[in-house]
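Dear colleague,

I am passing on the structure below, and after it I set out what was found. Please read the notes with the model open beside them.

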Amino acid sequence: MVDCKKVKKIFRVVGIKGCGAYANFGPEVPKLAQQFLTRLDEVENHSGTEIALFEPRDSNHLEGHYYVGLIVNEALKEVPVGMDYIETAQSYVTTRGRIININNLHSHLLKWADDQGYKRDLESHIVETYHPMENGEEEVEIYLPIHI
């Protein structure tokens, strides 16, 4: 059973921006994340947790932007060249599970939010955080922004 809940959270992120067709996000996002990770030592105060922020998608858009990066523990005074600092304070519905099930996790979370009567905030970024596990597996935590 997938566990879903509502949380209020602040994400402080240093990352690089990518954009492209939604259809290509599957391979493109991890590729950009790998490029970002080669510059890890430039990022101060990072928590080690990888994160991606996605522009909310509606049916009229085939392309969108996203950020890949790391959660940082506090606001940065200086952001490395070519990177952005993003801070979001938001209410989300969230769930966590194995990354290989990411599409099912998204569907389940959307249905759960709907069943609970939450209204999605389509102006704010969708957030995913990535958590390596033993055996080379990875878990993903998904945060969908909602209106309160």
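Leaving aside neighbours within four places in sequence, Phe 54 is in contact (heavy atoms within 4.5 Å) with Phe 25, Val 29, His 65, Tyr 66, His 125, Ile 126, Glu 128 and Tyr 130. This is a predicted model, in which local features need pLDDT of at least 70 and side-chain atom pairs count only at pLDDT 80 or more, while totals for chains, interfaces and linings use all residues. Residues are numbered from 1 along each chain as its sequence is written, and side-chain values use heavy atoms, with hydrogens and water left out.

Phe 54 and Val 68 have the most contacts inside the largest nonpolar core, which has 30 residues; such a core is a set of buried Ala, Val, Leu, Ile, Met, Phe, Trp, Tyr and Cys residues joined through side-chain atoms within 4.5 Å, where buried means under 20% relative accessible area with a 1.4 Å probe, protein chains only. A second, separate core of eleven residues includes Phe 11, Ile 51, Tyr 67 and Tyr 143.

Thr 95, which lies in strand 4 (residues 84–98), a strand being a DSSP run of E with at least two residues, numbered from the N terminus, counts as buried because its relative accessibility is 2%. The side chain of Thr 95 reaches the backbone oxygen of Asp 3 at 2.8 Å. Not counting residues up to four places away in sequence, Thr 95 also touches several others, among them Leu 105, Leu 109, Val 140 and Ile 142.

With best wishes

Note on methods: Buried < 20%, exposed > 50% of the residue type's maximum accessible area, 1.4 Å probe, protein only. Helix = DSSP H or I, 4+ residues; strand = E, 2+ residues; numbered from the N terminus. Polar contact = N/O pair within 3.5 Å; in protein donor to acceptor, adjacent residues only side chain to side chain.
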